[in-house]
Amino acid sequence: GLILDLLALKKDSAAIDEGRWIGADEVPGLGDVRAKMRGLTTQAARDMFSAKHRRVDPRDRIDGNIKADVAAQIMREVLSELLIVEIEGFTMGGKAIETAKVRDLVLETDFDPLCDLLVQAAQAVDRTRAARQEEVAKNS
């Protein structure tokens, strides 16, 4: 049977908090883009989501739940303000664009597909483990 080393199940909190480079090997839709992202599970992200959720107007809630479009706007804001650390390789109209421009674009609903891609990258960061299974196996 396969011996499971617990280090393969321990998340790498430092990488999740500080950010880690993600590429197409983990999020196929990225192509040649590399994105240094923080994870959605960082304390800073949880705090930011919580603060933004508390400020939602009662009229933007249905049975206490935040309306989908408002929740999506909050996700865009957290991506822009916190989760995107640095991005390399995006172009717009054939011209390279800077990280700051990407942060602006994710706030626009027309760029929701971009937002979805970067959420996938943040989720990949959340899956970062302290030790990869292969590394644990070769050390035993």
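Modeller: Two strands count as paired if DSSP finds at least two bridges between them. Bear in mind that this is a predicted model.

Colleague: How do you know that S1 and S2 pair?

Modeller: Three bridges join S1 to S2, and the cut-off is at least two, so the two strands count as paired. They run antiparallel. Within this pairing, Trp21 stands opposite Lys36 in S2.

Colleague: What makes S2 and S5 a pair?

Modeller: The bridges between strand S2 (residues 34-37) and S5 number four. At least two are needed, therefore S2 and S5 pair as well. Their directions are antiparallel, and Met37 has Ile84 in S5 as its bridge partner.

Colleague: Which order do the strands take, and why is the sheet called open?

Modeller: The order is S1-S2-S5, with antiparallel pairing in an open sheet of three strands. Strand S1 (20-22) and strand S5 (84-88) are the edge strands, and each pairs on one side only. On average, neighbouring strands of this sheet are turned by 20° against each other, direction ignored.

Colleague: What packs on the sheet?

Modeller: Helix H3 (residues 68-83) does, and the strands it touches are S2 and S5. The direction of H3 makes about 80° with that of S5.

Colleague: Which residues of H3 are called buried, and what do they pack against?

Modeller: Buried means under 20% relative accessible area. The buried residues of H3 are Val70, Ile74, Arg76, Val78, Leu79, Ser80, Leu82 and Leu83. They pack against S2, S4 and S5, and against helix H2 (43-54), helix H4 (99-105) and helix H5 (112-126).

Colleague: Which residues make up the covered face of S2, and which the uncovered one?

Modeller: Ala35 and Met37 form the covered face, while Arg34 and Lys36 form the uncovered one. In a regular strand the side chains alternate between the two faces of the sheet.

Colleague: Is Asp63 buried or exposed?

Modeller: Asp63 has a relative accessible area of 78%. Exposed means over 50%, so Asp63 is exposed. This residue lies in the loop between strand S3 (61-62) and strand S4 (65-66).

Colleague: What is noted about the phi of Asp63?

Modeller: The phi of Asp63 is near 50°, a positive value in a residue other than glycine. Most residues other than glycine have a negative phi.

Colleague: Why is Ala100 called partly exposed?

Modeller: The relative accessible area of Ala100 is 45%. Ala100 has its place in helix H4.

Colleague: How many helices and strands does the protein chain have, and how much of it is buried?

Modeller: The protein chain has six helices and seven strands. Of its 140 residues, 35% count as buried, by the cut-off of under 20% relative accessible area. The chain exposes about 8600 Å², and carbon and sulfur atoms supply 51% of that area.

Colleague: Where do the positive and negative charges lie on average?

Modeller: The mean positions of the 21 positive and 25 negative charges of the protein chain are 3 Å apart.

Methods: Residues numbered from 1 in each chain as written. Predicted model: local features only at pLDDT ≥ 70, side-chain atom pairs only at ≥ 80, totals over all residues. Heavy atoms only, no water. Axes fitted to C-alpha atoms, helices over the stretch in contact; angles between N-to-C directions. Contact = heavy atoms within 4.5 Å. Buried < 20%, exposed > 50% of the residue type's maximum accessible area, 1.4 Å probe, protein only. Areas by Shrake-Rupley, 256 points an atom, 1.4 Å probe, with all protein chains shown as cover. Lys, Arg positive; Asp, Glu negative; His and termini not counted. Charge placed at Lys NZ, Arg CZ, Asp CG, Glu CD.
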